[in-house]
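I opened the notebook to look up a few sites in this structure, and then the contact between its chains. The entries follow in the order in which I went through them.

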Amino acid sequence: MSSRAVQVRDLVKRYGKVTAVDGLSFEVPAGTVFGLLGPNGAGKSTTVKILTTLARPDAGSALVAGEDVLRHPGRVRRAIGCVTQKVSVDPMATGRENLLLQGALYGMPRRELRSRADELLARFGLAEAAGRPARTYSGGMQRRLDVAMGLVHRPRVLFLDEPTTGLDPEARADLWTEIARLAAHEGLTILLTTHYLDEADRLAARLAIVDRGRVVAEGSPDELKSELRGDAVHVDLDGTGSVEAALAAIARVGAVRDVVAAGRALHTRADDGASAVPHVLAALDAAGVRVASVRVSRPSLDDVYLRHTGRTFGEASAPGHAREEVAA
Amino acid sequence: MKALAVHSGHFTMRGLRAMARQPAFLVVSLVQPLVWLLLFGRLFERVAELPGFGGGSYIAYLVPGVVVMTVVFSAGWAGMAFIDDMGRGILDRLLTTPARRGAFMVGTLAYQACSGVVQALAIFVMGLALGASYAGGAAGVAVTLAAVVLLTAAFSSLSNALALLVRTRESLIGASQFLALPLTFTSSAFMAPDAAPGWIRAASAVNPVDWAVTASREALSAAPDWRAVLLRLAWLAALSLVLGFLATRAFRAYQRSV
(Lines give C-alpha, C1' and ligand atoms only; values in the text may rest on other atoms or scores of the structure.)
Protein backbone atom coordinates (compact mmCIF):
# COMPACT_ATOMS: atom_id res chain seq x y z
CA MET A 1 0.00 0.00 0.00
CA SER A 2 1.29 3.43 -0.87
CA SER A 3 1.30 6.22 1.68
CA ARG A 4 -2.08 7.22 0.29
CA ALA A 5 -4.92 5.14 1.71
CA VAL A 6 -7.50 6.76 -0.56
CA GLN A 7 -6.93 8.52 -3.88
CA VAL A 8 -9.90 10.07 -5.61
CA ARG A 9 -9.55 11.77 -8.99
CA ASP A 10 -12.20 13.73 -10.92
CA LEU A 11 -15.05 11.60 -9.62
CA VAL A 12 -18.46 12.20 -11.22
CA LYS A 13 -21.78 10.58 -10.28
CA ARG A 14 -25.13 11.53 -11.76
CA TYR A 15 -28.59 10.36 -10.77
CA GLY A 16 -30.74 11.18 -13.77
CA LYS A 17 -30.34 14.92 -14.28
CA VAL A 18 -28.92 15.51 -10.82
CA THR A 19 -25.13 15.64 -10.58
CA ALA A 20 -24.38 14.52 -7.04
CA VAL A 21 -20.60 14.42 -7.41
CA ASP A 22 -19.08 16.79 -9.92
CA GLY A 23 -15.35 16.29 -10.48
CA LEU A 24 -14.32 15.55 -6.91
CA SER A 25 -10.65 14.92 -6.11
CA PHE A 26 -8.78 14.38 -2.84
CA GLU A 27 -6.20 12.13 -1.23
CA VAL A 28 -6.09 10.64 2.24
CA PRO A 29 -2.66 9.94 3.78
CA ALA A 30 -2.50 6.47 5.40
CA GLY A 31 -2.98 6.35 9.14
CA THR A 32 -4.86 9.63 9.50
CA VAL A 33 -8.40 10.81 10.09
CA PHE A 34 -9.61 12.65 7.02
CA GLY A 35 -12.85 14.61 7.10
CA LEU A 36 -15.22 15.34 4.24
CA LEU A 37 -17.13 18.34 5.50
CA GLY A 38 -20.15 19.77 3.79
CA PRO A 39 -23.87 20.41 4.15
CA ASN A 40 -26.50 17.77 3.37
CA GLY A 41 -26.68 17.17 -0.36
CA ALA A 42 -23.08 18.21 -0.99
CA GLY A 43 -22.17 14.76 -2.35
CA LYS A 44 -20.32 13.31 0.65
CA SER A 45 -22.42 10.17 1.05
CA THR A 46 -22.42 9.51 -2.68
CA THR A 47 -18.61 9.70 -2.60
CA VAL A 48 -18.51 7.20 0.27
CA LYS A 49 -20.87 4.88 -1.62
CA ILE A 50 -18.49 4.90 -4.57
CA LEU A 51 -15.42 4.34 -2.39
CA THR A 52 -17.08 1.42 -0.58
CA THR A 53 -18.01 -0.23 -3.94
CA LEU A 54 -21.73 0.26 -3.41
CA ALA A 55 -22.22 2.65 -6.32
CA ARG A 56 -20.30 3.01 -9.59
CA PRO A 57 -19.01 6.43 -10.66
CA ASP A 58 -19.93 7.80 -14.09
CA ALA A 59 -16.42 9.16 -14.55
CA GLY A 60 -13.14 9.50 -12.68
CA SER A 61 -11.16 7.00 -10.68
CA ALA A 62 -10.73 5.98 -7.06
CA LEU A 63 -8.15 3.82 -5.31
CA VAL A 64 -8.83 2.54 -1.81
CA ALA A 65 -6.02 0.76 0.05
CA GLY A 66 -4.18 0.78 -3.27
CA GLU A 67 -6.94 -1.07 -5.16
CA ASP A 68 -9.14 0.33 -7.90
CA VAL A 69 -12.80 0.36 -6.79
CA LEU A 70 -14.00 -0.42 -10.31
CA ARG A 71 -11.44 -3.02 -11.33
CA HIS A 72 -11.05 -4.89 -8.03
CA PRO A 73 -14.12 -4.22 -5.89
CA GLY A 74 -13.60 -7.56 -4.10
CA ARG A 75 -10.13 -6.56 -2.92
CA VAL A 76 -11.41 -3.16 -1.79
CA ARG A 77 -14.21 -4.82 0.20
CA ARG A 78 -11.68 -6.95 2.10
CA ALA A 79 -9.65 -3.90 3.07
CA ILE A 80 -12.43 -1.62 4.27
CA GLY A 81 -14.84 -1.30 7.14
CA CYS A 82 -17.98 0.64 6.54
CA VAL A 83 -20.29 2.44 8.95
CA THR A 84 -23.14 3.89 6.92
CA GLN A 85 -25.15 6.98 7.65
CA LYS A 86 -28.06 4.92 8.89
CA VAL A 87 -27.49 2.57 11.83
CA SER A 88 -27.52 -0.81 10.13
CA VAL A 89 -27.53 -3.41 12.87
CA ASP A 90 -29.88 -6.38 12.62
CA PRO A 91 -32.51 -5.64 15.29
CA MET A 92 -33.56 -9.28 15.65
CA ALA A 93 -30.01 -10.51 16.34
CA THR A 94 -28.11 -9.92 19.57
CA GLY A 95 -25.11 -7.61 19.72
CA ARG A 96 -22.74 -10.56 19.70
CA GLU A 97 -24.58 -12.30 16.82
CA ASN A 98 -24.35 -9.11 14.77
CA LEU A 99 -20.58 -9.03 15.26
CA LEU A 100 -20.13 -12.75 14.61
CA LEU A 101 -22.09 -12.66 11.33
CA GLN A 102 -20.17 -9.61 10.15
CA GLY A 103 -16.80 -11.23 10.92
CA ALA A 104 -17.81 -14.57 9.41
CA LEU A 105 -18.50 -12.87 6.08
CA TYR A 106 -14.79 -11.96 5.95
CA GLY A 107 -13.86 -15.57 6.57
CA MET A 108 -12.41 -14.98 10.04
CA PRO A 109 -11.55 -18.21 11.87
CA ARG A 110 -14.15 -18.98 14.53
CA ARG A 111 -11.92 -18.78 17.59
CA GLU A 112 -10.25 -15.54 16.55
CA LEU A 113 -13.66 -14.09 15.68
CA ARG A 114 -15.08 -14.92 19.12
CA SER A 115 -12.25 -13.25 20.98
CA ARG A 116 -12.35 -10.25 18.63
CA ALA A 117 -16.11 -9.87 19.21
CA ASP A 118 -15.64 -10.03 23.00
CA GLU A 119 -12.85 -7.49 22.80
CA LEU A 120 -14.99 -5.05 20.79
CA LEU A 121 -18.06 -5.55 22.96
CA ALA A 122 -15.97 -4.66 26.01
CA ARG A 123 -14.30 -1.71 24.30
CA PHE A 124 -17.61 -0.19 23.19
CA GLY A 125 -19.30 -0.75 26.56
CA LEU A 126 -21.65 -3.41 25.21
CA ALA A 127 -20.39 -6.46 27.13
CA GLU A 128 -23.42 -6.57 29.42
CA ALA A 129 -25.90 -6.09 26.60
CA ALA A 130 -24.13 -8.55 24.26
CA GLY A 131 -26.77 -11.26 24.67
CA ARG A 132 -29.79 -9.01 24.11
CA PRO A 133 -31.39 -8.40 20.68
CA ALA A 134 -30.11 -5.13 19.23
CA ARG A 135 -33.65 -3.78 18.95
CA THR A 136 -33.62 -3.32 22.75
CA TYR A 137 -30.55 -1.04 22.55
CA SER A 138 -30.61 2.75 22.86
CA GLY A 139 -29.67 4.81 19.80
CA GLY A 140 -26.18 5.41 21.17
CA MET A 141 -25.64 1.70 21.89
CA GLN A 142 -26.82 0.72 18.39
CA ARG A 143 -24.41 3.22 16.89
CA ARG A 144 -21.52 1.85 18.95
CA LEU A 145 -22.39 -1.68 17.86
CA ASP A 146 -22.54 -0.40 14.30
CA VAL A 147 -19.01 1.03 14.58
CA ALA A 148 -17.78 -2.17 16.25
CA MET A 149 -19.17 -4.14 13.28
CA GLY A 150 -17.17 -1.96 10.92
CA LEU A 151 -14.01 -2.85 12.87
CA VAL A 152 -14.47 -6.56 13.56
CA HIS A 153 -12.30 -7.79 10.67
CA ARG A 154 -9.51 -5.26 11.38
CA PRO A 155 -9.94 -3.16 8.20
CA ARG A 156 -7.16 -0.93 6.92
CA VAL A 157 -9.52 1.88 5.97
CA LEU A 158 -12.65 2.70 7.97
CA PHE A 159 -15.47 4.78 6.48
CA LEU A 160 -17.64 6.65 8.95
CA ASP A 161 -20.55 8.35 7.18
CA GLU A 162 -22.11 10.96 9.48
CA PRO A 163 -21.41 8.80 12.53
CA THR A 164 -22.96 11.04 15.19
CA THR A 165 -26.09 12.21 13.37
CA GLY A 166 -29.14 11.68 15.55
CA LEU A 167 -27.18 11.01 18.75
CA ASP A 168 -27.72 12.95 21.97
CA PRO A 169 -24.80 15.14 23.10
CA GLU A 170 -23.53 12.61 25.63
CA ALA A 171 -23.52 9.67 23.18
CA ARG A 172 -21.89 11.96 20.65
CA ALA A 173 -19.06 12.89 23.01
CA ASP A 174 -18.53 9.18 23.83
CA LEU A 175 -18.26 8.29 20.17
CA TRP A 176 -15.85 11.16 19.51
CA THR A 177 -13.57 9.84 22.24
CA GLU A 178 -13.71 6.37 20.73
CA ILE A 179 -13.02 7.60 17.18
CA ALA A 180 -10.07 9.67 18.41
CA ARG A 181 -8.75 6.55 20.15
CA LEU A 182 -9.17 4.51 16.95
CA ALA A 183 -7.21 7.10 15.04
CA ALA A 184 -4.32 6.78 17.47
CA HIS A 185 -4.40 3.02 16.80
CA GLU A 186 -1.55 2.36 14.40
CA GLY A 187 -2.23 1.97 10.71
CA LEU A 188 -5.98 2.58 10.65
CA THR A 189 -7.06 5.25 8.20
CA ILE A 190 -10.45 6.83 8.85
CA LEU A 191 -12.50 8.69 6.29
CA LEU A 192 -15.18 10.61 8.12
CA THR A 193 -18.00 12.56 6.56
CA THR A 194 -19.84 15.08 8.63
CA HIS A 195 -21.96 18.16 8.42
CA TYR A 196 -20.94 19.18 11.94
CA LEU A 197 -18.20 21.80 11.91
CA ASP A 198 -17.16 21.03 15.47
CA GLU A 199 -16.89 17.32 14.68
CA ALA A 200 -14.58 17.93 11.73
CA ASP A 201 -12.55 20.42 13.76
CA ARG A 202 -12.16 18.01 16.66
CA LEU A 203 -11.49 14.72 14.83
CA ALA A 204 -9.99 15.35 11.42
CA ALA A 205 -6.25 15.82 10.93
CA ARG A 206 -7.01 16.98 7.41
CA LEU A 207 -10.27 17.82 5.75
CA ALA A 208 -11.81 18.66 2.44
CA ILE A 209 -14.73 21.04 2.33
CA VAL A 210 -17.25 19.76 -0.19
CA ASP A 211 -19.84 21.94 -1.83
CA ARG A 212 -22.16 20.97 -4.70
CA GLY A 213 -20.17 17.85 -5.50
CA ARG A 214 -16.74 19.52 -5.57
CA VAL A 215 -13.89 20.06 -3.12
CA VAL A 216 -13.66 23.81 -2.52
CA ALA A 217 -10.88 23.80 0.09
CA GLU A 218 -8.52 21.26 1.56
CA GLY A 219 -6.05 21.27 4.44
CA SER A 220 -5.79 20.78 8.18
CA PRO A 221 -8.44 22.67 10.16
CA ASP A 222 -5.75 25.05 11.44
CA GLU A 223 -4.31 25.66 7.98
CA LEU A 224 -7.74 26.40 6.60
CA LYS A 225 -8.53 28.81 9.40
CA SER A 226 -5.15 30.55 9.26
CA GLU A 227 -5.65 31.23 5.54
CA LEU A 228 -8.28 33.65 6.73
CA ARG A 229 -6.24 36.52 8.06
CA GLY A 230 -7.55 38.36 11.07
CA ASP A 231 -10.95 38.10 12.75
CA ALA A 232 -14.51 37.56 11.70
CA VAL A 233 -16.93 40.40 12.43
CA HIS A 234 -20.62 39.41 12.46
CA VAL A 235 -23.34 42.06 12.51
CA ASP A 236 -27.01 41.20 13.07
CA LEU A 237 -29.35 43.87 11.75
CA ASP A 238 -32.62 44.57 13.52
CA GLY A 239 -35.85 44.02 11.67
CA THR A 240 -36.27 47.39 9.97
CA GLY A 241 -33.39 48.75 7.82
CA SER A 242 -32.48 47.71 4.27
CA VAL A 243 -29.84 44.98 3.95
CA GLU A 244 -28.63 46.51 0.66
CA ALA A 245 -28.04 49.86 2.32
CA ALA A 246 -26.11 48.13 5.12
CA LEU A 247 -23.96 46.19 2.65
CA ALA A 248 -23.17 49.35 0.72
CA ALA A 249 -22.28 51.19 3.94
CA ILE A 250 -19.95 48.47 5.21
CA ALA A 251 -18.27 48.11 1.84
CA ARG A 252 -17.03 51.70 2.24
CA VAL A 253 -15.35 50.91 5.57
CA GLY A 254 -11.62 50.50 4.86
CA ALA A 255 -10.89 48.28 7.89
CA VAL A 256 -13.06 45.35 6.76
CA ARG A 257 -13.25 43.14 3.65
CA ASP A 258 -15.18 40.13 2.23
CA VAL A 259 -18.66 41.31 3.20
CA VAL A 260 -21.43 38.71 2.79
CA ALA A 261 -25.08 38.88 3.82
CA ALA A 262 -27.03 35.84 5.01
CA GLY A 263 -30.58 36.86 5.73
CA ARG A 264 -30.31 39.82 8.09
CA ALA A 265 -26.82 38.83 9.27
CA LEU A 266 -23.72 40.42 7.72
CA HIS A 267 -20.40 38.60 7.87
CA THR A 268 -17.13 40.36 7.24
CA ARG A 269 -13.43 40.05 8.01
CA ALA A 270 -10.96 42.48 9.57
CA ASP A 271 -7.25 42.35 10.44
CA ASP A 272 -8.13 43.64 13.89
CA GLY A 273 -11.78 42.96 14.66
CA ALA A 274 -12.05 45.01 17.84
CA SER A 275 -10.75 48.23 16.27
CA ALA A 276 -12.91 47.75 13.15
CA VAL A 277 -16.17 47.54 15.07
CA PRO A 278 -16.55 51.31 15.81
CA HIS A 279 -16.01 52.11 12.11
CA VAL A 280 -18.58 49.52 11.07
CA LEU A 281 -21.14 50.79 13.55
CA ALA A 282 -20.53 54.41 12.56
CA ALA A 283 -20.98 53.58 8.87
CA LEU A 284 -24.21 51.70 9.54
CA ASP A 285 -25.50 54.49 11.77
CA ALA A 286 -24.74 57.07 9.06
CA ALA A 287 -26.68 54.92 6.56
CA GLY A 288 -29.63 54.83 8.96
CA VAL A 289 -29.45 51.08 9.58
CA ARG A 290 -30.09 49.85 13.14
CA VAL A 291 -27.96 47.07 14.56
CA ALA A 292 -29.21 44.32 16.93
CA SER A 293 -25.83 42.87 17.85
CA VAL A 294 -22.16 42.74 16.86
CA ARG A 295 -19.77 39.86 17.46
CA VAL A 296 -16.04 39.49 16.86
CA SER A 297 -14.55 35.99 16.71
CA ARG A 298 -11.42 34.09 15.75
CA PRO A 299 -11.85 32.37 12.36
CA SER A 300 -13.89 29.18 12.55
CA LEU A 301 -14.54 26.50 9.95
CA ASP A 302 -17.84 28.24 9.34
CA ASP A 303 -15.88 31.29 8.19
CA VAL A 304 -13.75 29.04 6.00
CA TYR A 305 -16.89 27.61 4.44
CA LEU A 306 -18.37 31.07 3.97
CA ARG A 307 -15.19 32.28 2.33
CA HIS A 308 -15.13 29.45 -0.21
CA THR A 309 -18.81 29.10 -1.01
CA GLY A 310 -20.26 32.53 -0.33
CA ARG A 311 -22.83 31.03 2.03
CA THR A 312 -22.80 30.31 5.73
CA PHE A 313 -22.89 26.70 6.75
CA GLY A 314 -26.20 27.05 8.60
CA GLU A 315 -27.79 28.55 5.50
CA ALA A 316 -26.55 25.72 3.27
CA SER A 317 -27.70 23.07 5.74
CA ALA A 318 -31.24 24.41 6.05
CA PRO A 319 -33.64 21.74 4.75
CA GLY A 320 -35.15 23.92 2.02
CA HIS A 321 -31.77 24.91 0.76
CA ALA A 322 -30.40 21.39 0.74
CA ARG A 323 -33.29 20.23 -1.39
CA GLU A 324 -32.77 23.08 -3.81
CA GLU A 325 -29.14 22.08 -4.06
CA VAL A 326 -29.95 18.47 -4.87
CA ALA A 327 -32.39 19.61 -7.51
CA ALA A 328 -29.93 22.10 -9.01
CA MET B 1 -18.11 -22.05 -4.34
CA LYS B 2 -17.08 -22.77 -0.74
CA ALA B 3 -17.56 -19.11 0.21
CA LEU B 4 -21.00 -19.19 -1.41
CA ALA B 5 -22.02 -22.22 0.66
CA VAL B 6 -20.58 -20.85 3.91
CA HIS B 7 -22.16 -17.41 3.44
CA SER B 8 -25.48 -18.97 2.46
CA GLY B 9 -25.36 -21.00 5.67
CA HIS B 10 -24.84 -17.85 7.73
CA PHE B 11 -27.75 -16.06 6.07
CA THR B 12 -30.00 -19.11 6.49
CA MET B 13 -29.23 -19.18 10.21
CA ARG B 14 -29.90 -15.48 10.48
CA GLY B 15 -33.35 -15.93 8.91
CA LEU B 16 -34.26 -18.94 11.04
CA ARG B 17 -33.11 -17.21 14.20
CA ALA B 18 -35.18 -14.12 13.44
CA MET B 19 -38.19 -16.33 12.74
CA ALA B 20 -37.75 -18.29 15.96
CA ARG B 21 -37.76 -15.01 17.89
CA GLN B 22 -41.21 -14.10 16.61
CA PRO B 23 -43.42 -16.74 18.24
CA ALA B 24 -46.62 -14.97 17.18
CA PHE B 25 -45.53 -15.27 13.55
CA LEU B 26 -44.78 -18.99 14.02
CA VAL B 27 -48.20 -19.62 15.56
CA VAL B 28 -50.05 -17.76 12.80
CA SER B 29 -48.12 -19.56 10.07
CA LEU B 30 -49.22 -22.90 11.54
CA VAL B 31 -52.79 -21.93 12.42
CA GLN B 32 -53.57 -20.45 9.03
CA PRO B 33 -53.28 -23.74 7.08
CA LEU B 34 -55.47 -25.38 9.72
CA VAL B 35 -58.11 -22.75 9.03
CA TRP B 36 -57.90 -23.46 5.28
CA LEU B 37 -58.20 -27.20 5.89
CA LEU B 38 -61.25 -26.81 8.12
CA LEU B 39 -62.88 -24.10 6.02
CA PHE B 40 -62.37 -25.56 2.54
CA GLY B 41 -62.74 -29.09 3.88
CA ARG B 42 -66.25 -28.33 5.17
CA LEU B 43 -67.26 -25.82 2.49
CA PHE B 44 -66.42 -28.04 -0.48
CA GLU B 45 -66.86 -31.40 1.25
CA ARG B 46 -69.42 -32.64 -1.25
CA VAL B 47 -67.47 -31.74 -4.41
CA ALA B 48 -65.61 -35.00 -3.84
CA GLU B 49 -68.81 -36.68 -5.05
CA LEU B 50 -68.22 -35.15 -8.52
CA PRO B 51 -66.61 -37.33 -11.16
CA GLY B 52 -62.88 -36.61 -11.40
CA PHE B 53 -62.19 -36.84 -7.69
CA GLY B 54 -61.91 -40.62 -7.78
CA GLY B 55 -64.41 -41.11 -4.99
CA GLY B 56 -61.91 -40.51 -2.15
CA SER B 57 -62.42 -38.11 0.79
CA TYR B 58 -62.12 -34.40 0.02
CA ILE B 59 -59.77 -33.84 3.00
CA ALA B 60 -57.26 -36.28 1.52
CA TYR B 61 -57.61 -34.48 -1.83
CA LEU B 62 -57.25 -31.09 -0.15
CA VAL B 63 -54.06 -31.73 1.89
CA PRO B 64 -51.53 -31.31 -0.95
CA GLY B 65 -53.58 -28.34 -2.22
CA VAL B 66 -53.38 -26.55 1.12
CA VAL B 67 -49.68 -27.43 1.45
CA VAL B 68 -48.93 -25.83 -1.90
CA MET B 69 -51.20 -22.84 -1.34
CA THR B 70 -49.50 -22.15 2.01
CA VAL B 71 -46.08 -22.36 0.38
CA VAL B 72 -47.03 -20.03 -2.47
CA PHE B 73 -48.34 -17.39 -0.09
CA SER B 74 -45.43 -17.62 2.39
CA ALA B 75 -42.82 -17.58 -0.37
CA GLY B 76 -44.52 -14.60 -1.96
CA TRP B 77 -43.62 -12.64 1.18
CA ALA B 78 -39.96 -13.70 1.11
CA GLY B 79 -38.85 -10.41 -0.43
CA MET B 80 -40.18 -8.54 2.60
CA ALA B 81 -36.97 -9.48 4.43
CA PHE B 82 -34.98 -7.71 1.71
CA ILE B 83 -37.19 -4.65 1.91
CA ASP B 84 -36.71 -4.53 5.70
CA ASP B 85 -32.95 -4.91 5.23
CA MET B 86 -32.93 -2.14 2.63
CA GLY B 87 -34.85 0.20 4.90
CA ARG B 88 -32.51 -0.48 7.79
CA GLY B 89 -29.37 -0.05 5.69
CA ILE B 90 -28.41 -3.68 6.37
CA LEU B 91 -28.39 -4.57 2.69
CA ASP B 92 -26.04 -1.70 1.86
CA ARG B 93 -23.74 -2.75 4.67
CA LEU B 94 -23.73 -6.37 3.46
CA LEU B 95 -23.02 -5.26 -0.11
CA THR B 96 -19.80 -3.59 1.09
CA THR B 97 -18.55 -6.90 2.60
CA PRO B 98 -17.05 -9.77 0.58
CA ALA B 99 -20.36 -11.71 1.01
CA ARG B 100 -21.48 -13.32 -2.26
CA ARG B 101 -24.58 -11.85 -3.93
CA GLY B 102 -25.78 -15.38 -4.61
CA ALA B 103 -25.52 -16.16 -0.89
CA PHE B 104 -28.13 -13.51 -0.01
CA MET B 105 -30.45 -15.27 -2.42
CA VAL B 106 -29.65 -18.86 -1.45
CA GLY B 107 -29.80 -17.93 2.24
CA THR B 108 -33.34 -16.55 2.04
CA LEU B 109 -34.49 -19.45 -0.17
CA ALA B 110 -33.05 -21.98 2.29
CA TYR B 111 -34.73 -20.57 5.35
CA GLN B 112 -38.01 -20.11 3.49
CA ALA B 113 -37.73 -23.74 2.41
CA CYS B 114 -37.13 -24.83 6.01
CA SER B 115 -40.25 -23.02 7.16
CA GLY B 116 -42.20 -24.41 4.19
CA VAL B 117 -41.20 -27.97 5.09
CA VAL B 118 -42.25 -27.47 8.73
CA GLN B 119 -45.59 -26.03 7.61
CA ALA B 120 -46.12 -28.91 5.19
CA LEU B 121 -45.43 -31.53 7.86
CA ALA B 122 -47.84 -29.76 10.22
CA ILE B 123 -50.53 -29.81 7.52
CA PHE B 124 -49.99 -33.55 6.96
CA VAL B 125 -50.53 -34.13 10.68
CA MET B 126 -53.63 -31.92 10.76
CA GLY B 127 -54.96 -33.79 7.72
CA LEU B 128 -54.51 -37.11 9.52
CA ALA B 129 -56.40 -35.75 12.52
CA LEU B 130 -59.23 -34.67 10.19
CA GLY B 131 -59.47 -38.17 8.73
CA ALA B 132 -57.26 -38.01 5.62
CA SER B 133 -55.14 -41.01 4.73
CA TYR B 134 -52.07 -40.97 2.48
CA ALA B 135 -51.94 -44.08 0.32
CA GLY B 136 -48.56 -43.06 -1.14
CA GLY B 137 -46.96 -43.24 2.32
CA ALA B 138 -43.46 -41.94 3.08
CA ALA B 139 -42.49 -41.68 -0.60
CA GLY B 140 -45.55 -39.51 -1.22
CA VAL B 141 -44.70 -37.24 1.69
CA ALA B 142 -41.07 -37.01 0.54
CA VAL B 143 -42.14 -35.99 -2.98
CA THR B 144 -44.48 -33.37 -1.53
CA LEU B 145 -41.65 -31.93 0.55
CA ALA B 146 -39.39 -31.86 -2.53
CA ALA B 147 -42.12 -30.00 -4.41
CA VAL B 148 -42.43 -27.61 -1.45
CA VAL B 149 -38.70 -26.85 -1.51
CA LEU B 150 -38.62 -26.28 -5.28
CA LEU B 151 -41.77 -24.19 -5.37
CA THR B 152 -40.49 -22.13 -2.44
CA ALA B 153 -37.22 -21.54 -4.28
CA ALA B 154 -39.07 -20.38 -7.39
CA PHE B 155 -41.57 -18.08 -5.66
CA SER B 156 -39.08 -16.70 -3.11
CA SER B 157 -36.69 -15.84 -5.95
CA LEU B 158 -39.48 -14.04 -7.74
CA SER B 159 -40.46 -12.22 -4.56
CA ASN B 160 -36.83 -11.26 -3.84
CA ALA B 161 -36.36 -10.01 -7.39
CA LEU B 162 -39.53 -7.91 -7.11
CA ALA B 163 -38.33 -6.59 -3.75
CA LEU B 164 -35.03 -5.45 -5.28
CA LEU B 165 -36.86 -3.81 -8.18
CA VAL B 166 -39.93 -2.18 -6.56
CA ARG B 167 -38.37 -1.57 -3.10
CA THR B 168 -41.61 -0.81 -1.27
CA ARG B 169 -43.73 -3.12 0.86
CA GLU B 170 -46.97 -2.05 -0.77
CA SER B 171 -45.81 -2.79 -4.31
CA LEU B 172 -44.38 -6.14 -3.27
CA ILE B 173 -47.55 -7.23 -1.47
CA GLY B 174 -49.66 -6.10 -4.41
CA ALA B 175 -47.52 -7.90 -6.98
CA SER B 176 -47.25 -11.13 -5.02
CA GLN B 177 -51.00 -11.32 -4.29
CA PHE B 178 -51.69 -10.55 -7.92
CA LEU B 179 -49.71 -13.66 -8.87
CA ALA B 180 -50.44 -16.02 -5.99
CA LEU B 181 -54.24 -15.94 -6.00
CA PRO B 182 -54.93 -16.67 -9.67
CA LEU B 183 -52.11 -19.20 -9.91
CA THR B 184 -53.49 -21.08 -6.91
CA PHE B 185 -57.10 -21.09 -8.04
CA THR B 186 -56.34 -22.04 -11.64
CA SER B 187 -54.39 -25.03 -10.35
CA SER B 188 -55.93 -28.28 -9.21
CA ALA B 189 -55.30 -27.33 -5.55
CA PHE B 190 -59.00 -27.40 -4.66
CA MET B 191 -60.78 -28.71 -7.75
CA ALA B 192 -60.15 -31.81 -9.84
CA PRO B 193 -58.96 -30.85 -13.34
CA ASP B 194 -61.76 -32.94 -14.91
CA ALA B 195 -64.35 -30.90 -13.01
CA ALA B 196 -62.80 -27.54 -14.02
CA PRO B 197 -63.54 -25.60 -17.24
CA GLY B 198 -61.40 -26.51 -20.25
CA TRP B 199 -59.43 -23.24 -20.35
CA ILE B 200 -58.36 -23.65 -16.73
CA ARG B 201 -57.22 -27.19 -17.47
CA ALA B 202 -55.20 -25.85 -20.41
CA ALA B 203 -53.70 -23.03 -18.32
CA SER B 204 -52.74 -25.39 -15.52
CA ALA B 205 -50.32 -27.18 -17.85
CA VAL B 206 -48.04 -24.12 -17.67
CA ASN B 207 -48.84 -23.23 -14.06
CA PRO B 208 -45.96 -24.06 -11.67
CA VAL B 209 -48.41 -24.19 -8.74
CA ASP B 210 -50.26 -26.95 -10.56
CA TRP B 211 -46.99 -28.80 -11.25
CA ALA B 212 -46.35 -28.91 -7.50
CA VAL B 213 -49.93 -29.90 -6.59
CA THR B 214 -50.15 -32.59 -9.26
CA ALA B 215 -46.74 -34.09 -8.44
CA SER B 216 -47.59 -34.21 -4.72
CA ARG B 217 -51.08 -35.60 -5.15
CA GLU B 218 -49.93 -38.19 -7.65
CA ALA B 219 -47.12 -39.35 -5.34
CA LEU B 220 -49.55 -39.54 -2.41
CA SER B 221 -51.97 -41.73 -4.38
CA ALA B 222 -52.13 -45.52 -4.16
CA ALA B 223 -50.58 -46.11 -7.60
CA PRO B 224 -48.46 -43.08 -8.57
CA ASP B 225 -47.53 -42.35 -12.17
CA TRP B 226 -43.83 -41.71 -11.37
CA ARG B 227 -43.05 -40.39 -14.81
CA ALA B 228 -45.62 -37.61 -14.39
CA VAL B 229 -44.26 -36.87 -10.89
CA LEU B 230 -40.60 -36.64 -11.91
CA LEU B 231 -41.39 -34.60 -15.01
CA ARG B 232 -43.16 -31.95 -12.92
CA LEU B 233 -40.41 -31.88 -10.29
CA ALA B 234 -37.88 -31.39 -13.10
CA TRP B 235 -39.86 -28.44 -14.48
CA LEU B 236 -40.05 -26.92 -10.99
CA ALA B 237 -36.29 -27.37 -10.55
CA ALA B 238 -35.57 -25.71 -13.89
CA LEU B 239 -37.91 -22.83 -13.09
CA SER B 240 -36.36 -22.21 -9.69
CA LEU B 241 -32.85 -22.20 -11.17
CA VAL B 242 -33.85 -19.64 -13.80
CA LEU B 243 -35.70 -17.42 -11.31
CA GLY B 244 -32.89 -17.73 -8.74
CA PHE B 245 -30.37 -16.60 -11.34
CA LEU B 246 -32.53 -13.68 -12.47
CA ALA B 247 -33.15 -12.62 -8.86
CA THR B 248 -29.41 -12.53 -8.18
CA ARG B 249 -29.03 -10.35 -11.27
CA ALA B 250 -31.61 -7.97 -9.79
CA PHE B 251 -28.92 -6.86 -7.31
CA ARG B 252 -27.32 -5.00 -10.20
CA ALA B 253 -30.49 -3.02 -10.78
CA TYR B 254 -30.65 -2.27 -7.06
CA GLN B 255 -27.02 -1.13 -6.93
CA ARG B 256 -27.50 1.16 -9.90
CA SER B 257 -30.12 2.99 -7.86
CA VAL B 258 -27.99 3.34 -4.72
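**Entry 1: a histidine in a loop**

I began with A:His195, which I found in the loop between β8 (189-194) and α7 (197-203) of chain A; helices (H or I, at least four residues) and strands (E, at least two) are DSSP runs, numbered from the N terminus. I note at the outset that this is a predicted model, in which local features need pLDDT of at least 70 and side-chain atom pairs count only at pLDDT 80 or more, while totals for chains, interfaces and linings use all residues. Residues are numbered from 1 along each chain as its sequence is written, chains are lettered from A and ligands numbered from 1 in the order in which they are written, and side-chain values use heavy atoms, with hydrogens and water left out.

**Entry 2: positive phi in strands**

I then looked up A:Asp10, which is not a glycine and yet has a positive phi of about 50°; A:Asp10 lies in strand β1 (residues 4-15) of chain A and counts as partly exposed because its relative accessibility is 46%. A:Asp258, also not a glycine, has a positive phi of about 50°, and I placed A:Asp258 in strand β12 (residues 256-262) of chain A, partly exposed at 38% relative accessible area.

**Entry 3: a helix of chain B**

Just after α4(B), B:Gly89 takes a positive phi of about 80°.

**Entry 4: the contact between the chains**

How many residues does the contact take from chain A and from chain B? I recorded 28 residues from chain A and 24 residues from chain B. The two chains bury about 2,400 Å² between them, 56% of it on carbon and sulfur atoms, where buried area is the accessible area (1.4 Å probe) that two parts lose on being put together, summed over both. A:Leu54, A:Met92 and A:Leu105 supply 29% of the area that chain A buries against chain B, more than any other three residues.

Across this interface of chain A and chain B I noted four salt bridges, each a side-chain nitrogen of Lys or Arg within 4 Å of a carboxyl oxygen of Asp or Glu. In one salt bridge the side chains of A:Glu97 and B:Arg21 meet at 2.8 Å, N to O.

Methods
Contact = heavy atoms within 4.5 Å. Buried < 20%, exposed > 50% of the residue type's maximum accessible area, 1.4 Å probe, protein only.
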